[in-house]
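Dear colleague,

My findings follow it, arranged from the whole chain down to single residues.

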Amino acid sequence: MENTELEALLEKRKTAQANLSEALKGLSGVNPMSLMMGGFKSLGGIAAQFESVAHLNDLVITELATRALENG
């Protein structure tokens, strides 16, 4: 992976994390009963954002680990 590709990946990761943080703010003050009753519909979207951030983190870690091993 070229440096420009890694920089673009890091920018996507930063954006995804910011979006996730904003989405989590929406959970503040949510009644736990609403969650158990299925009344809070955006949890699927938040879960997808967690998955996206985790995937981007994995890509970054893999790239950095590969570079570290190649450069001793």
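Among contacts in the protein between residues at least 6 apart in sequence, what percentage join residues at least 24 apart? The figure is 73%. Please bear in mind that this is a predicted model, so every value in this message is computed from predicted coordinates.

Overall architecture

The protein contains 3 helices and 0 strands, and its elements run α-α-α from the N terminus on. Of its 72 residues, 12% count as buried. The protein exposes about 5,400 Å², and carbon and sulfur atoms supply 59% of that area.

The nonpolar core

The largest nonpolar core is made up of 8 residues: Leu6, Leu9, Ala16, Leu20, Ile46, Val53, Leu56 and Val60. Two elements, helix 1 (3–25) and helix 3, each give two or more residues to this core. In soluble globular proteins, nonpolar side chains tend to be buried together. Ile46, one of the core residues, touches Leu20, Ala23, Leu24 and Leu27, leaving aside residues up to four places away in sequence.

Helix 3

Helix 3 covers residues 43–70. With 28 residues at 1.5 Å a residue, helix 3 should span 40 Å, and because its end C-alpha atoms are 40 Å apart, the expectation and the model agree. The buried residues of helix 3 are Ile46, Val53, Leu56, Val60 and Glu63. Helix 1 is included in what covers them. After helix 3 comes Gly72, which has a positive phi, near 60°.

Is Glu63 buried or exposed? Glu63 has a relative accessible area of 12%, and because the cut-off for burial is under 20%, this residue counts as buried. Glu63 lies in helix 3 and touches Met1 and Leu6, not counting residues up to four places away in sequence. Leu6 is also listed in the largest nonpolar core.

Glu5, by contrast, has its place in helix 1. Its relative accessibility is 44%, and because this value falls between the 20% and 50% cut-offs, Glu5 counts as partly exposed. The side chain of Glu5 reaches the backbone nitrogen of Glu2 at 2.7 Å.

Yours sincerely

Technical notes
Residues numbered from 1 in each chain as written. Predicted model: local features only at pLDDT ≥ 70, side-chain atom pairs only at ≥ 80, totals over all residues. Heavy atoms only, no water. Helix = DSSP H or I, 4+ residues; strand = E, 2+ residues; numbered from the N terminus. Buried < 20%, exposed > 50% of the residue type's maximum accessible area, 1.4 Å probe, protein only. Contact = heavy atoms within 4.5 Å. Core = buried A, V, L, I, M, F, W, Y, C linked by side-chain atoms within 4.5 Å. Polar contact = N/O pair within 3.5 Å; in protein donor to acceptor, adjacent residues only side chain to side chain. Expected span 1.5 Å × (residues − 1). Areas by Shrake-Rupley, 256 points an atom, 1.4 Å probe, with all protein chains shown as cover.
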